[in-house]
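Okay, thanks for coming, everyone. Let me put the model on the screen and we'll walk through the strands together.

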Amino acid sequence: MKKPNYTQERVELQSGALIWPEGDFIVEQEIKPSYYMEDSDAEESLQSMQAMARIRSAKIYLLIDMKNIKGASAGARRTLSGISPEIVKGVATLIANPVSRLLSNFILGLNKPKYPAKAFSDREQARAWLTELRAKEQA
């Protein structure tokens, strides 16, 4: 696999993609349907987010679309919840089924992330919450 170009708006990952449109402060992570996220997938996501944030000199407000995810390993959940609050300022997860809800609860509840995090079933509500977080951060 060739090295990703982190300056692009869309960076392809094994598990899906990170999308960060120019001028937007929200990074959306799409996860492939019925995908089981392994430790290496979470590491790839983390390294990609760090590289994108460094290149843009920006903090990340992350929207993870996990509506169709199959599951994630314990190591992947720990990695995703352990992202530095210096890089990620907030995470909204999109959920739609029992598996995505359970996984979101693991990431947000049991692993106690160091950043604000909340689950949503509606994309616009999730984006509005991330917008509020950013406004508070900048105030």
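So, how many of the residues of strand β7 (residues 88-94) are buried? It's 7 of 7, so to speak a mostly covered strand, where buried means under 20% relative accessible area, exposed over 50%, and partly exposed in between, with a 1.4 Å probe and protein chains only.

Quick housekeeping: this is a predicted model, where local features need pLDDT of at least 70, side-chain atom pairs count only at pLDDT 80 or more, and totals for chains, interfaces and linings use all residues. Residues are numbered from 1 along each chain as its sequence is written, and side-chain values use heavy atoms, with hydrogens and water left out. Helices (H or I, at least four residues) and strands (E, at least two) are DSSP runs numbered from the N terminus, and two strands pair if DSSP finds at least two bridges between them.

Now the neighbours of β7. On strand β8 (residues 117-120), the pairing is parallel over 4 bridges, with Ala 92 opposite Lys 118. With β5, β7 pairs in the parallel sense over 6 bridges, and Ile 64 has Thr 93 as its bridge partner.

Carry on to β3 (residues 26-31), where 5 of 6 residues are buried. β3 and β5 (residues 60-65) run parallel over 5 bridges, with Ile 26 opposite Tyr 61. β2 (residues 16-19) pairs with β3 in the antiparallel sense over 4 bridges, and Ile 19 stands opposite Glu 28. That hairpin has 6 residues between the strands, and Gly 23 takes a positive phi near 90°.

Last, helix α2 (residues 74-81): 6 of its 8 residues are buried, so the rest of the structure largely encloses it.
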